[in-house]
Amino acid sequence: MTLHITLKLFATLRTYTPADADHYAIAPGTTVADIVRDLNIPPKDAKLIFINSIRKELETPLADGDRLGIFPPVGGG
Amino acid sequence: MTTPDLMEGLARAAVDRLRADGTAYRSLSSVAERQLVRQCNQSFRRVELTALDMGIVPERYTRNMATLSMAEQYRLLEAKACVVGVGGLGGSVAEILARLGVGQLTLVDGDYFEDSNLNRQRFADTTTLGKPKAAVARKAIAAINPAVEVTVWSEIMTAENAAGMVAETDVAIDCLDTLQARIVLQGACRRQKIPMVSAAVAGVSGQITVIYPEDEGLSALYGDLSTAADRGAELTLGNLPFSVNLLACLECSEAVKVILKQASTLRGQLMIFDLADLTFETVQLA
């Protein structure tokens, strides 16, 4: 069984966005950390993780239809 | 002269006007205000507070109404906000709060204007290069709204001096550009039980939240503060003027809600945006 999520990578992470980010296929049990690794996102930049607009952790597994957002640290003013 | 003289003067100086929607109000022009300041030997802020208390609107605030009530305008004029960092975010925040009529502003910045500030910082121009940011802002604000009483700290906020900077403040506004400085500000706000509006920008992305003293605060955004990097994606992406000013506007909107004790602030939430694809999202931090 394949699940699909939508993926939004912010700021410097934008360059890691896959072509199928709106319908990104994952295996059941896939965690945010798995996706970060698969997309070669530097782990230190996967700082703020949101699933369906709620802050989650790298270890959180994803469900079919989830909206995953990853935001790097930003500090400019 | 005493306050009753000021009230008599205000009653004479006020004129009847109509708003664009046809509602009537009593108006005080900035010229009449200046005369009363001189004649009654009172501060601009005292003249405006007394006017509002009498139901007279200083004309400079008429377009704040009726989104702001007279009582809310009075409360803003009584209030004190501490703007920490007077660069991209802070310069615009200071100007907006001054125009809005927040009566006391503390401006904190130990830096001087330089060429790389010119793309975005409200008070950076070819005549202010090399000058201290907070002092330049004070001069500009005095010309915009003399009722705003500005205190300047032309020094970097540290654990030692922060208490004095945020003392008796209704809200602190984080317009800083390093995590270490934000941690110092958050510590001072926690000790003195002051709410803080915090924002940061990188390129065409930004984030903003509202932190109360008992909240998790910055670690919800940056992770373990003892190991988090001092700077972020802005080192690569820079700071664009429209993103910085968008965020400055959002900080002012949240600061006003905090001062007026209105519900529905970004407390416990983070608003993030990415102008590249027009993503605006408010996410739950807890």
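Predicted model: local features only at pLDDT ≥ 70, side-chain atom pairs only at ≥ 80, totals over all residues.
Chain A has one helix and five strands, and read along the sequence these elements follow the pattern β-β-α-β-β-β. The C-alpha atoms of chain A fill a box of roughly 45 × 25 × 20 Å along the principal axes. A compact globule of 77 residues would have a radius of gyration near 11 Å, and the 12 Å of chain A therefore agrees with that expectation. Buried residues account for 42% of the 77 residues in chain A. Among contacts in chain A between residues at least 6 apart in sequence, 56% join residues at least 24 apart.

Phi of N52(A) is near 50°, a positive value in a residue other than glycine. N52(A) counts as partly exposed because it has 14 C-beta neighbours inside 10 Å.

Chain B is divided into domain 1 (3–64) and domain 2 (79–284). The C-alpha centres of domain 1 and domain 2 of chain B lie 31 Å apart. Contact between these domains involves six residues of domain 1 of chain B and seven residues of domain 2 of chain B. On the side of domain 1 of chain B that touches domain 2 of chain B, two residues are nonpolar, one is polar and three are charged.

M7(B) has its place in helix α1 (residues 3–13) of chain B. With 16 C-beta neighbours inside 10 Å, M7(B) counts as partly exposed. Apart from neighbours within four places in sequence, M7(B) is in contact with T50(B) and M54(B). The C-alpha atoms of M7(B) and L179(B) are separated by 48 Å, the two residues being 172 residues apart along the chain.

Further along chain B, N41(B) lies in the loop between α2 (30–40) and α3. Phi of N41(B) is near 55°, again a positive value in a residue other than glycine. N41(B) counts as exposed, because 12 C-beta neighbours lie inside 10 Å. In helix α3 (residues 44–53) of chain B, the residues F44(B), V47(B), E48(B), A51(B) and L52(B) are buried. Seen down the axis of α3(B), the buried residues fall within an arc of 130°, so they line one face of the helix. An α-helix has 3.6 residues a turn, so residues three or four places apart point the same way. After α3(B) comes G55(B), whose phi is positive, near 85°.

A cis peptide bond joins M65(B) and A66(B), with omega about 10°. The place of A66(B) is in the loop between β3 (56–58) and α4 (70–78) of chain B.

The largest nonpolar core has 111 residues, and those with the most contacts inside it are V83(B), I173(B) and L185(B). Helix α11 (residues 241–259) of chain B gives the most to this core, with nine residues. Domain 1 (3–64) and domain 2 (79–284) of chain B each supply at least three residues to this core. In soluble globular proteins, nonpolar side chains tend to be buried together. Leaving aside neighbours within four places in sequence, L185(B) is in contact with V84(B), M157(B), A162(B), A172(B), D174(B), L176(B) and M196(B).

The contact between the chains takes 38 residues from chain B and 19 residues from chain A. On the side of chain B that touches chain A, two or more residues come from each of α5 (88–100), β8 (196–202), β9 (205–211), α9 (219–222), α10 (234–237), β10 (269–274) and β11 (279–284) of chain B. Of these elements, β11(B) gives the most, with four residues. The residues of the side of chain B that touches chain A divide into 18 nonpolar, 15 polar and five charged.

Terms used. Residues numbered from 1 in each chain as written. Chains lettered and ligands numbered in written order. Contact = placed C-beta atoms within 7 Å. Nonpolar A, V, L, I, M, F, W, Y, C, P; charged D, E, K, R; others polar. Core = buried A, V, L, I, M, F, W, Y, C linked by C-beta atoms within 7 Å. Buried ≥ 20, exposed ≤ 12 C-beta atoms within 10 Å, placed from the backbone. Domains from an automatic or database assignment. Rg over C-alpha atoms; globule rule 2.2 N^0.38 Å. Arc of directions from axis to C-beta.
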